[in-house]
Amino acid sequence: MSAELARVVVSKLAEAYPAAVCELDYRNPWELLVATVLSAQCTDERVNRVTPEVLARWPGPAELARAAQGELEDVIRSVGLHRSKARNLRETARRVAEDHDGEVPRDLDTLVALPGVGRKTAKVVLGEAFGIAAGIAVDTHVKRLARRIGLSTATDPERVAGDLEAVIRREHWVDFSKRLILHGRRVCSPRRPACETCVLVPFCERIGVD
């Protein structure tokens, strides 16, 4: 894997998406944590339609911890995996309320210890809410494009993250992940990548592209 390729990709994506933002709607770290837990195997657009009602009924961790399982399931049903997500959210809310004084932890390992919070979710919350570059968040888009471009041959998300973090400077980690996700959504689709309009074409190895 080439550090020079990584440098060029970081630069070109920064030019293409200078104001890359998280597409989940939130106003504070707790709301972002709720949204990211709900976003597993679900689109940000659908999550953004559900979170307003969740947060209106249960605005903080103390309130959500007291939510009835069935009632929460009904509210989040459309995001999929609603039973497990409801259980995880209620328990995470309880731990945040009781063990962390209602504040979202600012430590990767502490966040990952919360139910429903994987390393990708923790990295998103730390980077987006607190500006802490704890690592590169690898979702399906980042994993797919890292392989297609030629930045990683790994299949495990954390191995992909390790490959990327080895060649990309820490100061770029948070924005790089957001920009690669946007690129995967808008240009480099799984089956029909728009290579004719892609800023990475001169450098991309186009692995898996006919």
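How far is the sulfur of Cys 42 from the closest cysteine sulfur? The separation is 13 Å, to Cys 22, too far for a bond. The model is predicted, with local features requiring pLDDT of at least 70 and side-chain atom pairs pLDDT 80 or more, while totals for chains, interfaces and linings use all residues. Residues are numbered from 1 along each chain as its sequence is written, and side-chain values use heavy atoms, without hydrogens or water.

A disulfide is a pair of cysteine sulfur atoms within 2.5 Å. The count by this rule is zero. The sulfur of Cys 204 lies 6.3 Å from its closest cysteine sulfur, in Cys 188, so a bond is ruled out by distance. Cys 204 is buried at 18% relative accessibility (buried: under 20% relative accessible area, 1.4 Å probe, protein chains only).

Nonpolar cores were defined as sets of buried Ala, Val, Leu, Ile, Met, Phe, Trp, Tyr and Cys residues joined through side-chain atoms within 4.5 Å. The largest has 34 residues; Trp 30, Leu 33, Leu 64, Ile 76 and Leu 111 have the most contacts inside it. Helix α2 gives the largest share of this core, seven residues. A second, separate core of 30 residues includes Ala 133, Leu 145, Ala 146 and Cys 204.

Beyond four places in sequence, Ile 76 touches Leu 38, Val 50, Val 54, His 82, Lys 85 and Ala 86 (contact: heavy atoms within 4.5 Å).

Key. Buried < 20%, exposed > 50% of the residue type's maximum accessible area, 1.4 Å probe, protein only. Helix = DSSP H or I, 4+ residues; strand = E, 2+ residues; numbered from the N terminus.
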